[in-house]
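Subject: Structure handover

Hello,

Here is the structure for you to take over. My notes on it follow below.

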Amino acid sequence: MGLVPNPPGLIEQGEVLFEGRDLLKISDTEMQDVRGNGIGMIFQEPMSSLNPVLSIGRQITEPLEVHLGIGGSRALDRAAELLEMVGIGDPRRRLSDYPHQLSGGQRQRVMIAIALSCEPKLLIADEATTALDVTIQAQILELMKNLTSQLGTALMIITHNLGIIARYADRLNVMYAGKIRETGSAEEVYLNPAHPYTVGLLNSVPRLDQTESGRLDPIEGEIPDLLNLLSGCAFQPRCRFATDACKKLEPMLETAASGQRVACFESQAVANAVASARS
Amino acid sequence: MTVEAVRPDSFSTSESDSPLLSVRDLSVHFPIKRGLIVQREVARVRAVDGVSFDISAGETLGLVGESGSGKTTTAKAVIQLNKPAGGSIAFEGQELIGLSNSQMRPVRRKMGMVFQDPYGSLNPRMRAGDIVGEPLKVHGLTDSKSDHQQQIASLLTTVGLNPAMAERYPNEFSGGQRQRLGIARAIAARPDLLILDEAVSALDVSIQAQILNLLQDLQEKYRLAYLFIAHDLSVVRHVSDRIAVMYLGKIVETAQSKDLYERPLHPYTQALLSAIPTPDPVLERSRTRIILRGDAPSPLSPPPGCRFHTRCPIATERCSAVDPELRFTEPDQSVACLLADGYEVAE
């Protein structure tokens with residue numbers, strides 16, 4: 001999204017290709033056009049992402065004016081349609097409401113309406129439902145999934161919740177200390193995890209469908225300080241499978257036997273351990 | 001709900017001895033006042049409205065519900081941090097409502113509390129050792145200075161911290177370590193009951209699992225009873241023997257942990273369970289979800305009749321008129337729903 005503040009943030013290298021264009025190389029004005037028009041984003045805290053002194057209607061019509069050149073009563077009509085689309089009742093009247101008059105779930109619905117207002121090609125939901133109650137979380141996720149598949153929008157869900165990914169994602173990337181450690185289809189990664197961090201995460205969460213509520217098997221230790229990363233694999237200090245090689249060399253993503261790509265020297269041993277623990 | 005509706009003997013657990021904590025028909029109201037000089041009450045939030053439950057020694061009762069359901073208010077009433085409008089709270093047979101602060105002090109020794117926010121609940125100007133040692137001092141539990149230091153060191157070791165960390169300040173600890181510190185403080189005075197209010201909710205999953213294991217160890221070691229409050233039903237089910245589900249200030253269902261998942265009776269419990277995705281893509285995609293309509297109503301003006309009827313997928317006209325009482329369908333399962341009997345469990 002080009003929202004990393006600089007300074008202090010600095011994108012040192014790499015490329016971000018969106019529809020073939022490198023977003024890191026385009027100008028601020030061009031990027032402005034991509035935001036909203038090309039990529040929409042929903043954040044965790046709807047209260048702080050919405051402007052408290054502007055009405056909901058104004059906040060939805062603004063991107064319509066800026067990106068699509070729709071103004072006046074046509075923009076308001078469209079805003080009401082959008083509110084209706086995200087399931088807010090009596091949308092006409094709601095246009096003049098301010099964010100504080102809405103509940104957390106409704107605010108997140110408004111955020112979705114704004115993010116989808118210019119029909120972007122990609123919607124990024126960054127912990128968009130984390131702050132919501134579970135029944136509201138389910139409402140919002142179903143809404144996002146249904147709308148994006150109706151509109152043909154790609155959806156990128158950023159979350160720490162393994163259940164949400166299992167339900168909604170086709171593919172997933174597991175990240176740890178700034179790097180992707182395992183990537184593949186949801187089936188590949190959940191059914192045959194091959195990175196010790198992924199395995200540790202899956203073993204850390206109590207599951208509703210498990211009748212035996214014995215002890216959990218968490219990852220030992222704590223998340224490393226990104227300022228003082230040791231050499232080699234960043235997960236190695238917490239890893240049960242770590243060898244001497246892991247302390248020296250940084251593993252690259254490689255295709256594992258079950259199909260996904262894993263950055264771990266011991267991925268075969270990990271996969272075998274998972275398989276034997278399940279049988 | 002009247003006291004007669006839930007008789008103490010009908011609600012007690014399978015164990016024959018009398019419960020450690022017995023809460024009956026507890027109500028906590030917050031009056032909303034208007035007026036500058038002469039304040040008059042314009043409304044009343046019934047944050048907790050007729051809640052009853054028991055906890056036996058060494059047992060874990062999970063209290064689950066969404067925001068505004070009254071979980072924390074219930075916990076605070078138990079430890080007498082807010083004043084109930086009615087009902088009874090008996091701890092080891094002693095009635096707590098109406099006790100003065102000085103009368104309450106020896107009782108508080110037997111109850112520890114761990115809060116959600118390990119950052120906000122530890123005094124940033126106190127060293128870890130002093131934080132953990134304060135309850136020992138307040139309740140006069142150590143004989144000498146060396147005994148004091150020794151007990152602090154052993155408490156820190158018990159919760160998995162290095163005794164040398166006693167010299168450090170809270171900001172030098174990570175989130176998980178701070179929560180360990182909070183637990184060490186809560187168990188310092190050797191309580192019989194720990195109230196854990198969203199104690200693991202703010203932690204990363206791997207750290208959360210470490211703390212849950214620690215709590216399990218402590219319970220076995222000291223035969224602690226837990227009142228475990230959380231919004232995450234999968235965590236609550238993992239740690240609890242029994243679970244009470246709250247909605248807008250009332251308990252809508254109580255059951256043994258495994259029964260609650262296998263045969264939830266209340267439509268709200270069913271919706272809660274169905275809303276939680278499990279980390280298994282194959283299972284998850286074949287599962288149908290119950291999606292509730294709308295938001296929970298404000299506790300300031302709860303709907304008439306059953307408080308859940310505005311969002312309930314099976315509500316009938318009667319539900320908007322009659323407030324259902326909590327009634328037993330099995331010896332260890334109770335539900336507050338008019339329709340739960342003839343209602344087939346979904347899925």
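In this predicted model, helix H6 (residues 104–116) of chain A packs against helix H7 (residues 134–151) of chain A at an angle of about 15°. Angles under 35 degrees count as roughly parallel, and H6(A) and H7(A) are therefore roughly parallel to each other. Their axes are 10 Å apart, and the crossing of H6(A) and H7(A) is right-handed.

The residues that H6(A) brings to this contact are Gly104(A), Gly105(A), Gln108(A), Arg109(A), Ile112(A) and Leu116(A). On the H7(A) side they meet Ile136(A), Gln139(A), Ile140(A), Leu143(A), Met144(A), Leu147(A) and Leu151(A). Sorted by class, the contact of H6(A) with H7(A) holds eight nonpolar, four polar and one charged residues.

Four strands of chain B form an open sheet in the order S2-S1-S4-S5, with antiparallel pairing. Strand S2 (40–55) and strand S5 (94–95) of chain B are the edge strands, and each of them pairs on one side only. Strand S1 (residues 21–34) of chain B runs antiparallel to S2(B), and 12 bridges join the two. Lys33(B) stands opposite Glu41(B), which is in S2(B).

One helix also belongs in this part of the picture. Helix H2 (residues 71–78) of chain B lies across S1, S2 and strand S4 (86–91) of chain B. The direction of H2(B) is at about 110° to S1(B).

Last, the contact between the chains. Chain B puts 40 residues into this contact and chain A puts in 36 residues. Several helices of chain B each supply at least two residues of the side that touches chain A: helix H7 (205–222), helix H8 (233–239), helix H9 (257–262), helix H10 (267–275) and helix H11 (281–286). Of the chain B elements, H7(B) gives the most to that side, with nine residues. By class, the side of chain B that touches chain A comprises 19 nonpolar, 12 polar and nine charged residues.

Regards

Definitions and conventions:
Residues numbered from 1 in each chain as written. Chains lettered and ligands numbered in written order. Predicted model: local features only at pLDDT ≥ 70, side-chain atom pairs only at ≥ 80, totals over all residues. Axes fitted to C-alpha atoms, helices over the stretch in contact; angles between N-to-C directions. Parallel < 35°, antiparallel > 145°, perpendicular 65-115°, else oblique. Left-handed = near helix turned anticlockwise from the far one by under 90°. Contact = placed C-beta atoms within 7 Å. Nonpolar A, V, L, I, M, F, W, Y, C, P; charged D, E, K, R; others polar. Pairing = 2+ DSSP bridges.
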